[in-house]
Amino acid sequence: MDLAGALQLGELAAAFAALPVFPLFDAAYFIVSVLYLKYEPGAVEMSRKSPFASWLCAMLHCFGSYILADLLLGEAPIHYFSNNSSVILATAIWYLIFFCPMNLFYKCVSFLPVKLIFVAMKEVVRVRKIAAGVHHAHHQYHHGWFIMMATGWVKGSGVALMSNFEQLLRGVWKPETNEILHMSFPTKASLYGTVLFTLQQTHWLPVSEANLIFFFTMFMIVCKVFMTATHSHASPFAPVEGFICPVFFGSVSSGHTSHDQHGASHEVSHPPPPPVKSKEELNEGTRKRKAKKAE
């Protein structure tokens, strides 16, 4: 029974890995990506003032991962735009979300139960892109582990790593929102996932690519759907990171605390200077001294 179950699970994973992502899953990916663009402050006003700039931002949200991966591998960054079907599909979704009469399309796709389905479908595309990025880099650099990881990471992170450049197109400059400094859950998960796929691709992880795609996709779907449904931004990796990071990289808060305590001790050791007397108090003292001399 265990062998039969394993065979059935392997067949399920193989069938899932062979499932085509175009057009349904790609459409869901584009819908969620353009929705996040519309949530940005000023995005709707920009679409009215400069539709072309809004379209460029939407294309970055949809194809930013391919642009970054092509740049890393020395290929033309606009190579993916030769895929006319995907570009037309993404453009149609952008137009419907921003310019559909009475916002009907936007209201339908942003309805939470429907949106959760699209979020789950987007994670299917994300994991496929991570696996494809690692496989593509491995084809060119057989022993370049870090190149595989970098390519898979940018393929999975999408426009998040290009957020500052995308903000410039909208006339916004927020360097404090750098994704590398403040990684969101999808960016961290893509990084950890690309490490797993790199180990699998170099035969250090004894599991088939289809099984890894299946299980990692299920993990991403559960996490993202739960976070979207509960409007939570807490990372599932936070407990593990909170335990490991202080051990290997030290604790930032303790250093700041000791510095503050050291500064406080210096403040206590030096008493504050006496208060400066006002002009009225000085005049009053002068009058008293003159009165004593007169007596």
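What is the volume of the largest pocket? About 1,200 Å³. Before the tour, some ground rules.

This is a predicted model, in which local features need pLDDT of at least 70, side-chain atom pairs count only at pLDDT 80 or more, and totals for chains, interfaces and linings use all residues. Residues are numbered from 1 along each chain as its sequence is written, and side-chain values use heavy atoms, with hydrogens and water left out.

**Stop 1: the largest pocket**

Select Tyr36, Glu40, Glu179, Ser184 and His233. Of the 34 lining residues, these are the closest to the pocket's centre. A pocket here is an open set of points on a 1 Å grid over the protein atoms alone, with protein on both sides within 12 Å along at least five of seven lines; lining residues have an atom within 4 Å of a point. Grid points are joined across faces, edges and corners, and a volume is the space filled by probe spheres set on the points.

Now colour by helix (a DSSP run of H or I, at least four residues, numbered from the N terminus). At least two lining residues each come from α2, α7, α8 (145–157), α9 (163–169), α10 and α11. The largest share, 4 residues, is from α2. By class, the lining holds 11 nonpolar, 14 polar and 9 charged residues. Ala, Val, Leu, Ile, Met, Phe, Trp, Tyr, Cys and Pro count as nonpolar, Asp, Glu, Lys and Arg as charged, and the others, Gly among them, as polar.

**Stop 2: the cavity**

The whole structure has 1 cavity of 30 Å³ or more. Here too α2 gives the largest share of the lining, 3 residues. The lining has 5 nonpolar, no polar and 2 charged residues.

**Stop 3: the cores**

Select Phe30, Val34, Phe63, Ile93, Phe118, Phe185 and Phe197. They have the most contacts inside the largest nonpolar core, which has 53 residues. Such a core is a set of buried Ala, Val, Leu, Ile, Met, Phe, Trp, Tyr and Cys residues joined through side-chain atoms within 4.5 Å; buried means under 20% relative accessible area with a 1.4 Å probe, protein chains only. α7 gives the most to this core, 11 residues. A separate core of 7 residues includes Leu60, Ile67, Val159 and Met162.

Finally, centre on Ile93. Leaving out residues up to four places away in sequence, Ile93 touches Ala27, Phe30, Ile31, Val34 and Phe105 (contact: heavy atoms within 4.5 Å).

Notes
Buried means under 20% relative accessible area, exposed over 50%, partly exposed in between (1.4 Å probe, protein chains only). On a 1 Å grid over the protein atoms alone, a cavity is a set of points where a 1.4 Å probe fits but cannot get out, and a pocket is an open set with protein on both sides within 12 Å along at least five of seven lines; lining residues have an atom within 4 Å of a point.
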